[in-house]
Number of protein chains: 2
Amino acid sequence: MKEGRKRVVIEGVSPEIDGGLFPVKRSAGEKVVVEADVFTDGHDLVSCLLLFRKEEDLKWEAVAMEPLVNDRWRASFRVGQLGRYRYTIEAWVDRFKTWRQDMKKRVDAGQAVAVDLRIGEQLIEEAAASGEGAEVEALRKRVAQIADTVDQKEKITIMLDEETAELMGVCSDRRFVTIYDKELTVVVEREKARFSTWYEMFPRSCPGKPGVHGTFRDCERILPYVASMGFDVLYFPPIHPIGVSHRKGRNNSPSAGKGEPGSPWAIGSEEGGHKAIHPELGNYDDFDRLVRKAREAGLEIALDLAFQCSPDHPYVKEHPEWFRWRPDGTLQYAENPPKKYEDIYPLNFETDQWKELFAELKGVVLFWVEKGIRIFRVDNPHTKPFLLWQWLIGEIKKDYPDVIFLSEAFTRPKVMYRLAKLGFSQSYTYFAWRNTKWEITQYFQELTGTQVKEFFRPNLWPNTPDILTEYLQTGGRQAFMTRLVLAATLGASYGIYGPAFELCVREPREFGGEEYQDSEKYEIKSWSIDDPSSLRDFIGRVNRIRRENTALQSDETLRFHESDSDQILCFSKHSEDFSNVILVLVNLDPHHSHGSWVNFPAEDLALNARRGFQVHDLLSDARFLWHGTKNYIEIDPRVSPAFVFKLRRRVRTERDFDYFM
Amino acid sequence: MKEGRKRVVIEGVSPEIDGGLFPVKRSAGEKVVVEADVFTDGHDLVSCLLLFRKEEDLKWEAVAMEPLVNDRWRASFRVGQLGRYRYTIEAWVDRFKTWRQDMKKRVDAGQAVAVDLRIGEQLIEEAAASGEGAEVEALRKRVAQIADTVDQKEKITIMLDEETAELMGVCSDRRFVTIYDKELTVVVEREKARFSTWYEMFPRSCPGKPGVHGTFRDCERILPYVASMGFDVLYFPPIHPIGVSHRKGRNNSPSAGKGEPGSPWAIGSEEGGHKAIHPELGNYDDFDRLVRKAREAGLEIALDLAFQCSPDHPYVKEHPEWFRWRPDGTLQYAENPPKKYEDIYPLNFETDQWKELFAELKGVVLFWVEKGIRIFRVDNPHTKPFLLWQWLIGEIKKDYPDVIFLSEAFTRPKVMYRLAKLGFSQSYTYFAWRNTKWEITQYFQELTGTQVKEFFRPNLWPNTPDILTEYLQTGGRQAFMTRLVLAATLGASYGIYGPAFELCVREPREFGGEEYQDSEKYEIKSWSIDDPSSLRDFIGRVNRIRRENTALQSDETLRFHESDSDQILCFSKHSEDFSNVILVLVNLDPHHSHGSWVNFPAEDLALNARRGFQVHDLLSDARFLWHGTKNYIEIDPRVSPAFVFKLRRRVRTERDFDYFM
């Protein structure tokens, strides 16, 4: 029989993902707010501690949990270092706290309390009888003091005072403490896991000269351009040798013409595989140099992990056991019947040599980590086993907790969430296809208003080389601005595929599809980045706003507010201490001006709505005085797609002048 | 490293209470509908089985799960026997199912399929190569047949046909099957755990003669009265000897006058404790006889388990170690400071002899179980340790799975839910204090529309000897009818404390309180059960409706519907197969007539609203023709508090006559 005297129940702990099977995520410096239902039988009071430690530490730190309502308790701790933290809860029936509460009621009711006073004394004596440390010593002094006090009233005063309560809080009898039966985990990553601004670019298009294959050296020259727009991650599609067999030509044609460069995702040729560099881009030295130059410009280079092979990949010869072979002796290419992708061979993760394959893929990641790369965008992770990612990310992060993995999965929602639970730091989302007010509100409430927020960090992309949405195709330049503001303010992390984005490239290959006409995936482009209609400056302004306002650097506080127009989306974010409050109003219609009353509960955001406050549009620098919770706005997309208001508490009135009064 | 080739994920299983820590509840014959998120990486198809077994059986039974949307799968099984069942899920990547789907697409696209056909043949050959049983034998014949078939078209036909699919479904490769990592439990109880109608009565008031202490023999005479109202459980407050020390007098006065009987909850005297019978009620033979007679009348007797002692209880002398002693050598009485309950000594469950105490209390239950009692109403279970109940109920149900425990806990919601999770078959609720439409809707949606329904079976009491609600005090006779209909139709289990209820006794001891004036807890009452204003017949009619309509015998299907009056509550229940649909409309205002449009989605309940249907009020026998989803009703509480409509599908029209057409 279990110990029957452990009377306290701890349940309903949050955050806790799938019963503790997966960790929650935080970035260094963030808080973990832990809640639980804690209660016991009868009328006794309980005390409750949140315990936490760095995984490798042996000793727990403790913080007292405070009761909310309905047997819910809460406390929090801050995670300072990268790596893994553990937390759990312990609670016990607190006999002295119960005695103290009852005693106050007895005294108030004027009852005879001699016997109950003696009970309290006994509790204190017992607590002081054993153990060591400053508190026990102090408690022993208290015991003597109480014993020496003859006057009952004085005795009561000493026994009910705060000091006795505090000492008893530390020394009280915890023989029957209940410890929550799980240790839960927090994975702590660096700030960029939470707040990052990505720019995707094909290095081979760098020179901006038709038909000229760019090099890493060329890329150096474009770094100032990317940095000037305020990005901090520069992500390259695969930089490895590209296969020749079945190479795809312009606009995904089944065979490439002479001199066509092929898709960078068809990885591997005689020149090497996933650890090699495409010779036309340069060599390892060029790469190292670019990584360094980028860092100097405030940019971190992210590489693509696309675990698949072209027919010419060295693995095919060296490790035929890692592929699926067809009965006719040919290799199984990628398929989604009846479609065939003959330039790509998927790896066979059900091979008997799966352990060697897993190890090799880990080796690929380590190779680039050792070359200084700390961010990876993982191509189609949902077509590889979940266990591969759980293992691989865990292994890498053991030695390199600063490595960030972005999951490129546009697949079924539960698959995407699973990948996030398994360890991906960030994830692509359905943002590209959420355009209406209802869609955006629903989706972002799911992402940030449910426990999904504990393990899934959205990274919002209005476009990618694969995705030119209908909204962008049809909405003109304003649509690009609208989607940029949405991505950059709804998400602490977002990215664009440029220069196609800032140049508002929007011709689809076919009506109803999302592929670009003359997609950069299959050819070298020459972009006119100095085009005067470029959104470059606008993007720079938006990214500066993000950098200067901590409210926009996390998704934790995102809240939507009412507006009476279906075209006006209204939401806010704020910093932990409310010193920075950002209110965003976006006109979702790229074609027409819309006005709306918005209902903004300023009081909830620590603003005195009755005194009035200033809203300062960081995009246009315009300032408005608002009063109360309902205010009217109008947004003309031909002028600006949105207001990004910084709220300022202080509105000057005549009372601010000396001669008032 | 774990097996990396187990590619299927099983998560989000329901029902699953607190990560599988507690069982779900069903009554014999009910279904357990199990759902889970099941998916794998990539595009392969998965197959999925729900496994279940009686706990003591070694072999699982399996039923194929069917995909819903968004990677959600579902299957169900029916629990036939009392006791415990286990269930879990297994799933695997189904290579043949995937091949078959792809093959169909290839054939439809007119592709060359020779190699893929060979891949399918290999899969079938592999499956047929090992194992035994009828299916493997049949599959071997298929292999031969396929090999003998020369024509490719014919070969495809055989390989894609249903029989091959079925055989491969049974024989397919499950080397890398994922088994859900928990076995979940269902506790199966008898039907009365789900559907029961309780009548609480003080046996000592049976004779109906002022000042005369009733006996079990007297009780026999009242059985037909209780049975005629349609009850099936007759619950007695404690029947044990009542303490003399500090005995409470009339209206809870601190000391009883001469001849006053005391409260039955002050258990124990020189004449015995929890296993003894109060001598004035009779002896064991009388008790046995009453239990038998009651059963003959269709009534099961339920006893009260109140684990507390009067100062005269034999335990006090025999087991002083089971109580808390005060420093002055006196026993600790029950308290809620500054209130004192000096006629009651709580047991000290933190005693070093807690194991002996637990065992003794189990002995008390077993004693009455062996006397034929199978239903216990547990008094204040929330003031005893949770672990006591979990252990005690588990122990009793091992040998007597037909024993039902009702938890009398009016305490904080999480404590009530925890008691239910630990094993109580039924629970008291906050129903007594939920009177408005909003309150009732909110509360019952929580009880029946969330996972609470999986472990918490509400038993609704409009009154108890402790609870005379303000609504009943002020609403007149109609209020009693309203609350009765609500309890009897919202809840598959409900009870009343009679005869006070049917006689509409409603004088409180003090304004603002809920105690009865001259409460039966402290005195013998003489009830005029033949009073013509008694609700006896009305109650009999309502209980007959409950017996005759399976829809009302479960809470599973409870759904609220819109009505435009805040005083008209509208809800429905239906049988599993929709053959019995009950629509209840209650006027919550006991004083005034109210009319309302009600929006009843008949189509959802398998009725053709466009054809029209009949609603038959089982209370008044009136019938109305309804059409569409919106219909108007009016309820005058002076006539009847409610409509309890049985829905009849068939409305006769001219088409039903021979000469039509």
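Predicted model: local features only at pLDDT ≥ 70, side-chain atom pairs only at ≥ 80, totals over all residues.
View 1. Helix α12 of chain A covers residues 413-422, and because nine of its ten residues are buried, the helix is largely enclosed by the rest of the structure. The buried positions of α12(A) include the charged-type residues A:K414, A:R418 and A:K421, and they also include A:V415, A:M416, A:Y417, A:L419, A:A420 and A:L422.

**View 2. The open eight-stranded sheet of chain A.** Eight strands of chain A form an open sheet with parallel pairing, and their order across the sheet is β20-β19-β18-β13-β12-β11-β22-β21. The edges of this sheet are formed by β20 (426-427) and β21 (459-460) of chain A, each of which pairs on one side only. In general, the strands of a sheet pair through backbone hydrogen bonds, either parallel or antiparallel.

**View 3. The pairing of strands β13 and β18 in chain A.** Strand β13 (residues 300-305) and strand β18 (residues 375-379) of chain A run parallel and are joined by four bridges. Within this pair, A:L303 stands opposite A:F376, a residue of β18(A).

**View 4. The rotation axis that relates chain A to chain B.** Chain A can be laid on chain B with an RMSD of 0.1 Å by a turn of 180°, with a shift of 0.0 Å along the axis, and this is the relation of a two-fold axis. The same surface serves both copies, since 98% of the contact residues of chain A recur in chain B. Of the residues of chain A, A:G19 comes closest to the rotation axis, with its C-alpha at 2.9 Å.

View 5. Among the contacts in chain A with a separation of 6 or more, 75% are made by residues 24 or more positions apart. Chain A carries 91 positive and 103 negative side chains, and the centres of these two sets lie 1 Å apart.

Conventions: Residues numbered from 1 in each chain as written. Chains lettered and ligands numbered in written order. Heavy atoms only, no water. Least-squares fit on C-alpha atoms with pLDDT ≥ 70 in both. Contact = heavy atoms within 4.5 Å. Charge placed at Lys NZ, Arg CZ, Asp CG, Glu CD. Pairing = 2+ DSSP bridges. Helix = DSSP H or I, 4+ residues; strand = E, 2+ residues; numbered from the N terminus. Buried < 20%, exposed > 50% of the residue type's maximum accessible area, 1.4 Å probe, protein only.
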